[in-house]
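Visitor: I have not looked at this one before. Can you walk me through it?
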Amino acid sequence: MSGDRARGEGEIPAVRPLTERRLRAHIPADTRPLPSVEKYDQLLASRRDTPSEGAAP
C-alpha cells in the first residue's frame, strides 16, 4: 500500500456535502414565488402608531 492510498487520496469520500449531491441530482428549479414580508411590515407599522400601555411618556 502506497503512502497516498493510506491517506485516502484519490478515493471518493464516504460523506459528501448536500449541495454537491443536489447539483449532481439535476433537481428542477424551484418556481415558487418568493415569500412576502408585507404582512409583517403592516404589523410593525400598527405597533408604532399605537403606543403600548404603561410606556414612559
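Guide: A term to begin with: pLDDT is the predictor's confidence in each residue, from 0 to 100. It applies here because this is a predicted model.

Visitor: OK, where is confidence lowest, and where is it highest?
Guide: The lowest is in helix α1 (residues 3–6), with a mean of 50. The highest is in α3, with a mean of 83.

Visitor: And what is the mean pLDDT of the protein?
Guide: The mean is 74, and 68% of the residues reach 70 or more.

Visitor: Switching to the fold. How many helices and strands are there?
Guide: There are three helices and zero strands. Along the sequence the pattern reads α-α-α.

Visitor: What share of the residues counts as buried?
Guide: The protein has 57 residues, and 0% of them count as buried. The accessible surface is about 6,200 Å², and carbon and sulfur atoms account for 56% of that.

Visitor: Take α2, then. Why does it lie largely in the open?
Guide: Helix α2 covers residues 18–25, eight in number, and zero of them are buried, so the helix lies largely in the open. Buried here means under 20% relative accessible area.

Visitor: What comes just after α2?
Guide: H26 does, and it takes a positive phi of about 55 degrees.

Visitor: New topic: how many salt bridges?
Guide: The count is one salt bridge. It joins D30 and R32, whose closest N and O atoms are 2.8 Å apart. The two side chains also make a polar contact, listed at 2.8 Å.

Visitor: Why would two side chains pair up like that?
Guide: In general, side chains of opposite charge can pair when their charged atoms come close.

Visitor: Where does D30 lie?
Guide: D30 is in the loop between α2 and α3.

Visitor: Are D30 and R32 buried or exposed?
Guide: D30 counts as exposed because its relative accessibility is 54%, and exposed means over 50%. R32 is exposed as well, with a relative accessible area of 64%.

Visitor: Which residues form the nonpolar patch on the surface?
Guide: V37, Y40 and L43 form that patch. Together they have about 340 Å² of accessible area.

Visitor: Which helix does Y40 lie in?
Guide: Y40 lies in helix α3, which covers residues 38–49.

Visitor: Is Y40 itself buried or exposed?
Guide: Y40 counts as exposed, at 57% relative accessibility.

Technical notes. Residues numbered from 1 in each chain as written. Predicted model: local features only at pLDDT ≥ 70, side-chain atom pairs only at ≥ 80, totals over all residues. Heavy atoms only, no water. Helix = DSSP H or I, 4+ residues; strand = E, 2+ residues; numbered from the N terminus. Buried < 20%, exposed > 50% of the residue type's maximum accessible area, 1.4 Å probe, protein only. Areas by Shrake-Rupley, 256 points an atom, 1.4 Å probe, with all protein chains shown as cover. Salt bridge = Lys/Arg side-chain N within 4 Å of Asp/Glu carboxyl O. Patch = residues over 30% accessible without salt bridge, like charges linked within 9 Å, V, L, I, M, F, W, Y side chains within 5 Å. Polar contact = N/O pair within 3.5 Å; in protein donor to acceptor, adjacent residues only side chain to side chain.
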